[in-house]
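The following note is intended for a colleague meeting this structure for the first time. Please read the points with the sequence and the structure at hand.

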Amino acid sequence: METRELLKWSAQVKLREKSKQEERFEHGHRMCAGCGAPTVVKMVLMATEYPVVVSNATGCLEVSTCIQEFTAWKTPWIHTAFENAAATLSGAETMYRALLKKGKMPDNVKFIAFGGDGGTYDIGLQSLSGAMERGHDMLYVCYDNGAYMNTGIQRSSATPLGADTTTSPAGSANPAGKLQARKDLTRIMAAHGIYAAQASPSHWLDLMNKVKKAHQIKGAKFINIIAPCNRGWRTATDNSIELSRLAVETCYWPLYEIEDGKLKVTVVPEEKKPADQFFKLQGRFKHLYAPGNEGMLERIQAEIDRNWERLLKESDQAC
Amino acid sequence: MGKVVAVTGNEAVANALRQADPDVCSLYPITPQTDIVQRFSSFVANGQVQTELLNAESEHSAMSAAIGAAAGGGRVITATSSQGLALMWEMLHIASGMNLPIIMPLVNRALSAPLNIHGDHSDGMGARDTGWVQLWSENAQEAYDNTIMAFRIGEHLEIRLPVMVCMDGFIVSHSIARMEYLGDDEVKNFIGPYQKVNPLLDLEHPKSFGPLILTDLYHEYKRLQHEIMGRVKNVVLQVSDEFAKQSGRKYGLFESYRLEDADIALVILNSAAGTSKDVIDELRDKGIKAGLLKPRLFRPFPYAEIGQALRHLKAVCVMDRADSFGGYGPMFMEISSALYQADGEGRRPKLINKIYGLGGRDYMPGDARKVLLELNEISKGAPLGAVKEYMGVRE
């Protein structure tokens, strides 16, 4: 999409107006109070001004939104298994092209897959990579809450360094929790030569712009969106937007996009806050402040700084 | 018009798929099936079909994509063997649970470990409980015919189920045999246009596929699958009758060979049945009343019909080209069940089980002769040895 057109569109978007748009992801689902994922889904669908077919990996979003005869989805929706939301959707998209060719479908249908980080970074990585490489005309959205929350907060490769999860617990022998840094999935997806971006529900216009832009690009697209989970992060139920904002402002979760191989940081915080401001609100990092974990927060801060500097450098070069 | 050709089983099946002209083919290569998807890819590249090809990055994704495509609302094919089917296992249940009539040739091959690429039935037997219809084929002609009929069976509005068409890896898939093709138009007319049922791509009537169903209704859902399976037998017979009118080739739920007046019989699947029939003819010439039953529809298993067909015999050997380690051979378990239920008059044949031909080990006329002569002795009162035995083992 032309930047000029996108700016025009952004200027026209009024959240109040958008809130009146008919929702294709309805209230009444059973996601936890305070969960960031449904907000992410609503924003993605709000920015999708086309008929849309949705595929959903097994996970919180899936088990809580389509139970027996009830569904929160007022748009075609399919769930098959955990590791294959991308492959399943790639099949539906292929059938769409087969029927479109025969004049049996309209030509403006969009395809979106939603998966959590477990279903995307870990078990679904192969299926996702395959679908992206094949260039299906689809958008894959990962709502990243940093662990297998649906099964009870187990470590995934998206779990941040130092986080306490039920399978990377901080204990007397290992006081640090998770000992490894996160997998940089957004970059892995960008390495497929596709449009890849990171977004946050705190920056809704940036998020919706990215979705809007992705829909204008023919082929595979990937957007990684942070989605706070109060159960897993051990946080309050009323601050998921605040947390996602802090994730951006501390540069823990930088907002950027990679298009045609060029990286652009889309939101530069006015003031880069210390990571501590994001971490201290979360019970999953509580142990990092206890004796035995000296240096961990510094290590985490150093990782964040290094990544942020690299992004800025690449972003500058692209400009 | 029919055309007599000399082709491999894979070529025959690939042509059946071409004639069906599916909307989507999702594929992944694996020996000995690869030849089918290669040929089909050429049909696509040369414009001989309208199909959209999807080169998946694994069999798991090939089946996942087939499910997404079939849910979309169109005709879908894929094909696999052995490890590929094993990798699909999770998704096989989902294809049948969603009532999606995906058609999948399965070129039977052994399962690892140790690695072996040759033909046995371990793959198909391992998938018997996945809710798919299974048709088994002795030779290229049967594999071709079964593939064509599979579309009519799977897409039948009373059942809507995925169908696996099995043939022996290498022995049939790679051997050239004489067979007869139907004309492209004949097949097109026979299969007919795809009829959509609740397609995902119906934008006006959005549907949710694959809900969470817990303790209150899951049981009922599975009971429904059981009921649908109960309708398959009649659909298979009806489609096979229509096919016979078209082609002149008659198929039932199973094939009986010189069975009606026999004293002893083999129950044996696929290519080895052909070898056995020759030996049965030879023994008949010597006055031994031997016969054979070759199952065609293995899932759902026609217990009553097969029990009825076997109950008059004195001794039966069930030949399994797969093992259920720690149990009897998978076919033996079915035949035992069929005969137990069929026994209305206090008489049933003596039953033994031989495991043969694993990993593509040849099954020779001598093997059939040996088993039939053993059965002949049993029928005359010789004591039974072990119920289950591996035959032809190199000690």
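**Notes on chains A and B**

1. In this predicted model, the centres of domain 1 of chain B and domain 2 of chain B, taken over C-alpha atoms, are separated by 28 Å. Domain 1 of chain B covers residues 3-247, and domain 2 of chain B covers residues 255-390.

2. The two domains of chain B touch each other: 27 residues of domain 1 of chain B are in contact with 20 residues of domain 2 of chain B. On the domain 1 side, at least two residues each are supplied by helix H5 (122-126), strand S6 (133-137), strand S7 (163-168) and helix H8 (218-247) of chain B. The largest share, five residues, is that of S6(B).

3. What is the make-up, by class, of the side of domain 1 of chain B that touches domain 2 of chain B? This side has 14 nonpolar residues, together with eight polar and five charged residues.

4. Turning to chain A, 13 helices and 10 strands are found there. Chain A has a radius of gyration of 19 Å, close to the 20 Å given by the globule rule for 319 residues, so chain A is as compact as a globular protein of that length. Along the principal axes, the C-alpha atoms of chain A fill a box of roughly 65 × 50 × 40 Å.

5. Of the 319 residues in chain A, 54% are buried. Where contacts in chain A link residues at least 6 apart in sequence, 69% of these contacts join residues at least 24 apart.

Methods
Residues numbered from 1 in each chain as written. Chains lettered and ligands numbered in written order. Predicted model: local features only at pLDDT ≥ 70, side-chain atom pairs only at ≥ 80, totals over all residues. Domains from an automatic or database assignment. Contact = placed C-beta atoms within 7 Å. Helix = DSSP H or I, 4+ residues; strand = E, 2+ residues; numbered from the N terminus. Nonpolar A, V, L, I, M, F, W, Y, C, P; charged D, E, K, R; others polar. Rg over C-alpha atoms; globule rule 2.2 N^0.38 Å. Buried ≥ 20, exposed ≤ 12 C-beta atoms within 10 Å, placed from the backbone.
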